[in-house]
Amino acid sequence: MKDWKEKLKMRLPAMVLLAATLLFWGLYERYEPAGPILLREPALEDAVRQRGDVMDTNGVFRLTVVSGSPTASINFTVPEGSAYNRLRVRGDVRVDGVEKGKYPWSCARLLLVQYDESNEWIPGHHGVVALAGSRGWLSCEDIFETDLKAARADLVIQQIGRSGSASFRNLRVEPVRLRTSFYVWQALFVLLWLIMAVVYFGRCRLHRRRLRILILFNTVAIIIGTLMPEKWIETTAGYAKVEAARLMHASGSRDPADAAPRKSSLPKHSAEHR
């Protein structure tokens, strides 16, 4: 019993810090507005492109596909979308009997697609949500890094499944940036975990264990990963996504905003991604 209490006493500080870390970063809003809202609840007449069976009723867009009929989509250009480093896309999505098509992403989707000056779509992260089946309203959002080559960005809603309908409402795009306090809190938690690592290394006599080198390398890797600037992490992850998308694009994939079958008369940028 005494041994159990000693083990609990030794592990309790790390457990408390872990719980505090998960709770804080789960609730902390790291982004703040970096400018005015660029696109707020657009109407159908604001669309720069639409396809298929689409309706706008009191601010709710309904995109319907009957088996064998064309897919449905609507594009809205985001004013000055390429002028900011980060964009937050928000929207509510509801699906009713959406059956997936040939590909896993052939369903109801909310996207932010970027294009360069030649009107070529820029491969990379663009999906906010992809839903199939039936479910009630789901609020979705995601943060996107704007590409340096981007000349414009389009908010795209689509239903590219075999059948079913998808509804969208409360669509919004706004520029955001990391709060200054984010870096302060990040440094504080890094410091706390460094102190915890030093304390436990001595208390648990890790330097005397057979796997001390492996434990040391793991500890250093965790610390480096925590200390690494977020921009490096985002760049590395973004590079992997972009390269994968470029390979798919080179193999004949199409622009995500255009799910229609490929035709030789279509412009190059109308090829569907993935």
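The largest nonpolar core of this predicted model holds 33 residues. Five of them touch the most other members: Phe76, Leu110, Leu155, Ile157 and Phe168. Strand E7 gives the most, with five residues.

Now zoom in on one member. What does Ile157 touch, leaving aside residues up to four places away in sequence? Its partners include Phe61, Leu63, Ile74 and Phe76. Leu110, Phe168 and Leu171 are also among them.

Another core lies apart from the largest one.

Next, the cysteines. Is Cys107 buried or exposed? Cys107 is buried, with a relative accessible area of 1%. Cys140 has 10% relative accessibility and also counts as buried, because the cut-off is under 20%. How many disulfides does the structure hold? The count is zero.

Finally, consider confidence. The average pLDDT of the protein is 80, and 72% of the residues score at least 70. Two stretches need care. Over residues 248–252, pLDDT stays under 50, and the model has five contacts there beyond four places in sequence. Residues 260–274 also stay under 50, with 44 such contacts in the model. Where pLDDT is low, the predicted coordinates should not be read in detail.

Terms used. Residues are numbered from 1 along each chain as its sequence is written. This is a predicted model: local features need pLDDT of at least 70, side-chain atom pairs count only at pLDDT 80 or more; totals for chains, interfaces and linings use all residues. Side-chain values use heavy atoms; hydrogens and water are left out. A disulfide is a pair of cysteine sulfur atoms within 2.5 Å. Buried means under 20% relative accessible area, exposed over 50%, partly exposed in between (1.4 Å probe, protein chains only). A nonpolar core is a set of buried Ala, Val, Leu, Ile, Met, Phe, Trp, Tyr and Cys residues joined through side-chain atoms within 4.5 Å. Helices (H or I, at least four residues) and strands (E, at least two) are DSSP runs, numbered from the N terminus. Contact means heavy atoms within 4.5 Å. pLDDT is the predictor's confidence in each residue, from 0 to 100.
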